[in-house]
Amino acid sequence: MIKFLDLQAINEPYRESFHRSVDELVNSGWVLLGKNLESFEREFAEYCGAKHCVGVANGLDAITIILQAYKQLGKLKEGDEVLVPSNTYIATILGVYHAGLKPVLVEPDVETFNMSPSLAAEAITANTKAIFTVHLYGQLSDMQGLQKLAEDHGLLLFDDVAQAHGAQMDNGRKAGAIADASAFSFYPGKNLGCIGDGGAITTDDDELASAISAYRNYGSHKKYYNLYKGVNSRLDELQAAFLRHKLVNLDDDNAKRREIARQYLSGIRNEHVQLPFYSGGEDHVFHLFVVKIKDRDRFIEYMNDKGIQTLIHYPVPPHKQEAFSEMKDMSFPISERIHREVVSLPISPVQTMQDTNYIIDVINSYIV
Ligand SMILES: *Cc1c(COP(=O)(O)O)cnc(C)c1O
């Protein structure tokens, strides 16, 4: 069986360095807000080309805390509208909701699956204060288009980089150093993943970084003095240590993912399987390789019979989830169609050429 994601194989090369970090930590007796977190924050900010990085407990918190911190600084207020993609993992929308702001859903570009600046422009009202875009599946949104839109309307621009660690624009700017603030997740299966939960926020804004460092730790800049009604959302020392070991190989890992994507794109030839758009550059880190197929249930069953595990990202669009029943009568036909047709093929830095070729052969032999 070719697994969709072989986490054991991804983490195996780090076994010894992980063990060493655990020993050091047990010996040090200091397991929260310590040296590893500080070092990771510095190294990850440097990697992204951002001035600050603040570690938090997970990606959802990263999204929520950016918005909460801007509220504390008086730049956002309860009920402000935030444009978010209708075609995303639900976390982006939940983050806006949990911060007490109003998510306004925007349809994606049909080709890239990402937020369309022109459709975003149509959704702007007098109450719109920010755009929170997502680089879905690892491909950067049209950041130039969204930056222009944000500037023209005086909006803050944020990005959810949970799937796009290391993706960069043609001008060399990396995700994490493009928007006003960026939210990262280090959930185990992401391109940079912990052995557990983790997240971070990057920004060039000194005031915001300072507010976030306090907000994630009970709103406290100084022990037992609380400036904000904050939360407990810290990236612990152990996860920070693990991430430091893995960050060193992130660019190589992304290059391997791109190589597999190129093989898929040149090798898969089947009229029933629609391949994703790829510019060929470094703006895509292929967290996922997602094809579109009209009758996907049959295809998934066929792949399964051939020993290939596939997944769906995602089967139900956020506005059709029971959790958001207030949106159930809204219509986002582009997103709904994407959600009906997408299938994710296996892709990871540890996938062998042999497996990739086998997957291509199996797909090319698929007949409807
Ligand atoms: C994984 C993911 C998140 C949430 O990250 P967690 O660390 O699981 O909270 C948010 N947005 C997107 C697009 C994601 O893929």
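Trainee: Leu136 first: buried or exposed?
Mentor: Leu136 is buried, at 2% relative accessibility. Buried means under 20% relative accessible area, exposed means over 50%, and partly exposed is in between, using a 1.4 Å probe and protein chains only.

Trainee: What sort of model are we looking at, and how are residues numbered?
Mentor: This is a predicted model, where local features need pLDDT of at least 70 and side-chain atom pairs count only at pLDDT 80 or more, while totals for chains, interfaces and linings use all residues. Residues are numbered from 1 along each chain as its sequence is written, and side-chain values use heavy atoms, with hydrogens and water left out.

Trainee: Ok, where is Leu136 in the fold?
Mentor: Leu136 lies in the loop between E4 and H7. Those labels are DSSP runs numbered from the N terminus: helices are H or I with at least four residues, strands are E with at least two.

Trainee: What about phi at Phe286?
Mentor: Phe286 also has a positive phi, about 45°, and is not a glycine. Phe286 is in the loop between helix H10 (250-267) and strand E8 (289-292), and it is buried at 1% relative accessibility.

Trainee: Switching to the ligand. Which residues are around it?
Mentor: Asn58, Gly59, Leu60, Tyr89, Ala91, Val134, Asp160, Ala162, Gln163, Ser185, Tyr187 and Lys190.

Trainee: Which atom of Lys190 lies 2.7 Å from the ligand?
Mentor: An N or O atom in the Lys190 side chain is 2.7 Å from a ligand oxygen. The ligand alone exposes 380 Å², and the protein buries 90% of that. Those areas come from the Shrake-Rupley method with a 1.4 Å probe; for residues, only the protein chains shown count as cover.

Trainee: What about the Gly59 and Leu60 backbones?
Mentor: A backbone N or O atom of Gly59 is 2.7 Å from a ligand oxygen, and a polar backbone atom of Leu60 is 2.9 Å from a ligand oxygen.

Trainee: New topic: which side chain does Ser86 contact?
Mentor: The side chains of Ser86 and Ser335 make a polar contact of 2.6 Å. A polar contact is a pair of N or O atoms within 3.5 Å; within protein, one must be able to donate a hydrogen and the other to accept it, and residues adjacent in sequence count only if both atoms are side-chain atoms. Ser86 is in the loop between strand E2 (81-85) and helix H5 (91-98), and is buried at 0% relative accessibility.

Trainee: Last one: which peptide bond is cis?
Mentor: The one from His313 to Tyr314, with omega near 15°. Tyr314 is in the loop between helix H11 (296-305) and helix H12 (333-341).

Note on methods
Near = heavy atom within 4 Å.
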